Amino acid sequence: MKPNRMLIVGVIALLCVVNPLFAKGTKDTESAKPAQVQSAEPVKAAPSSDAAAIVPVKPEKPEIVRMSVLNGPSGIGMVPLFEKAPDLNGIPSSFEVSASPQVLLPKLLKGEVDAGILPINVAAKVYTANKQAVLLAAITGNGMLSVISRDTSVKSLADLKGKKLTVAGQGGTPDYMIRYLARSEGIELNTADGIEIDFSIPTPEIVPALLAGKIDYALVPEPFSTVASIKDKTIARVLDVQKLYEKACGIEGCEYPVMALVVRKAFAEKYPATLELFLQACKESVEAVNADPKAAGDLVEKHTLGLKAPIVAASVPRSAFVWQSARESRQNVERLLSVFAEFAPESIGGKLPDDGFYLK
């Protein structure tokens, strides 16, 4: 074969290898090429020695992205997405409300939904107990607990000595938080000289009991403190638990996360590009809620997330809806989970979740 003919054959063989590399699309994304090029079938070089042999490759894309939030405050940050579906490069999405974690969890584990909002300790427990089935994608809400009372002489936790404090939720963040804070200040619980803790009143009934004068002090999350102060102007937030927690952990800016956005591990691994778009939309949703609480309140009532519009509008500025990625929130997450682990290890699955819990 003559030299120039050999050169031509060599160039043709090289193009057979290189051209498919440029034709192949990025996984789980729409092509940025013109429309007439997008319709072409992506190809890649076959693993055989015959460079001309090619096989078609289709980008991995989900048919739909499905999310569920819990009825009540946890869904507030996502409510703009209930109204207007996010732009996921043409991939549809659906959003629903679950009555409780016990309803939401089976949907996640069965793959009926791809993402959800859960209490942070529940998310950790599910990760450990279910072979890393879910991953922490972001924190959407930090602590919003406060002690409310008509007794404005209360300025510190020590001022509650000898008094009964009704706590919203045994076995949850309020329960372990008050134990942690009391211990950090050397205050005993349920002793004559300490603070008596009462879990006998269901959370939805605490504010009515306070309004009726049946109890005097209550530890509640938002929006319950807002509801109480709206219905009775003499009721005030006498203690901010976030400030007490920051003092107890001894680190400026130390926060305790309560709401976790989790995603199915299988979904995250198979559709990373779609997940990235979805999480960006969730971030923008939280930002929209904080920027316009009134609009958020209207949407919460419209989409029946369990709260009335005026309550949401008034409580959002006093809440702590945030967007913190799994990586940037990890230290705060581990500090809080360590509190749970100290008092009730089973509440987080027996141990702190490992590095794989945090979506990269």
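**Stop 1: helix 7**

Start by selecting helix 7, residues 203–211, and colour Ile206, Val207, Ala209 and Leu210, which are buried. Keep in mind as you go that this is a predicted model. Now turn the view until you look down the axis of helix 7: the buried residues fall within an arc of 160°, so they line one face of the helix.

What covers the buried residues of helix 7? Show strand 7 (145–149), strand 8 (164–167), strand 10 (217–221) and helix 8 (224–231), which are among the elements that do the covering. Before moving on, step just past the end of helix 7 to glycine 213, which has a positive phi of about 80°.

**Stop 2**

The largest nonpolar core has 95 residues. Which residues have the most contacts inside it? Select Met67, Leu157, Leu165, Leu261 and Phe278 to see them.

Zoom in on leucine 157. Skipping residues up to four places away in sequence, leucine 157 touches Ile178, Leu181, Ala182, Glu185, Ile187, Ile195, Leu239 and Leu244. Next, go back to Phe278 and show Phe82 and Phe95 with it: ring pairs link these three into a cluster.

**Stop 3: two crossing helices**

Hide the rest and show helix 5 and helix 14. Two packed helices are described by the angle between their axes and the distance between the axes. Helix 5 and helix 14 pack at about 85°, with 10 Å between their axes. At that angle, the two helices are therefore roughly perpendicular to each other. For the place where they meet, select Ile120, Asn121 and Ala124 on helix 5, and Val333, Leu336, Leu337 and Phe340 on helix 14.

**Stop 4: ring pairs**

How many aromatic pairs does a search of the whole structure find? There are eight. Select tyrosine 127 and phenylalanine 357: this pair is tilted, with 5.1 Å from centre to centre and 55° between the planes. Buried or exposed? Both tyrosine 127 and phenylalanine 357 are buried.

Now pick tyrosine 176 and phenylalanine 340. Their ring centres are 5.0 Å apart and their planes are at 65°, so this pair is edge-to-face. Tyrosine 176 lies in helix 6 (residues 173–184) and phenylalanine 340 in helix 14, so the pair ties together parts that are 164 residues apart in sequence. Buried means under 20% relative accessible area. Tyrosine 176, at 6% relative accessibility, therefore counts as buried, and so does phenylalanine 340, at 0%.

**Last stop: proline 119**

Finish by selecting proline 119, in strand 5 (residues 115–119). Proline 119 is partly exposed, with a relative accessible area of 25%. Leave aside its neighbours within four places in sequence, and you will find proline 119 in contact with Leu70, Pro101 and Val258. To end the tour, draw a line from the C-alpha of proline 119 to that of isoleucine 139: these residues are 20 apart in sequence and 9.8 Å apart in space.

Key: Residues are numbered from 1 along each chain as its sequence is written. This is a predicted model: local features need pLDDT of at least 70, side-chain atom pairs count only at pLDDT 80 or more; totals for chains, interfaces and linings use all residues. Side-chain values use heavy atoms; hydrogens and water are left out. Rings of Phe, Tyr and Trp (its six-membered ring) pair if their centres lie within 6.5 Å; planes under 30 degrees apart count as stacked, over 60 as edge-to-face and the rest as tilted. Buried means under 20% relative accessible area, exposed over 50%, partly exposed in between (1.4 Å probe, protein chains only). Helices (H or I, at least four residues) and strands (E, at least two) are DSSP runs, numbered from the N terminus. A nonpolar core is a set of buried Ala, Val, Leu, Ile, Met, Phe, Trp, Tyr and Cys residues joined through side-chain atoms within 4.5 Å. Contact means heavy atoms within 4.5 Å. The arc is that of the directions from the helix axis to the C-beta atoms. Axes are lines fitted to C-alpha atoms, for helices over the stretch in contact, and angles run from 0 to 180 degrees between N-to-C directions. Angles under 35 degrees count as roughly parallel, over 145 as roughly antiparallel, 65 to 115 as roughly perpendicular and the rest as oblique.
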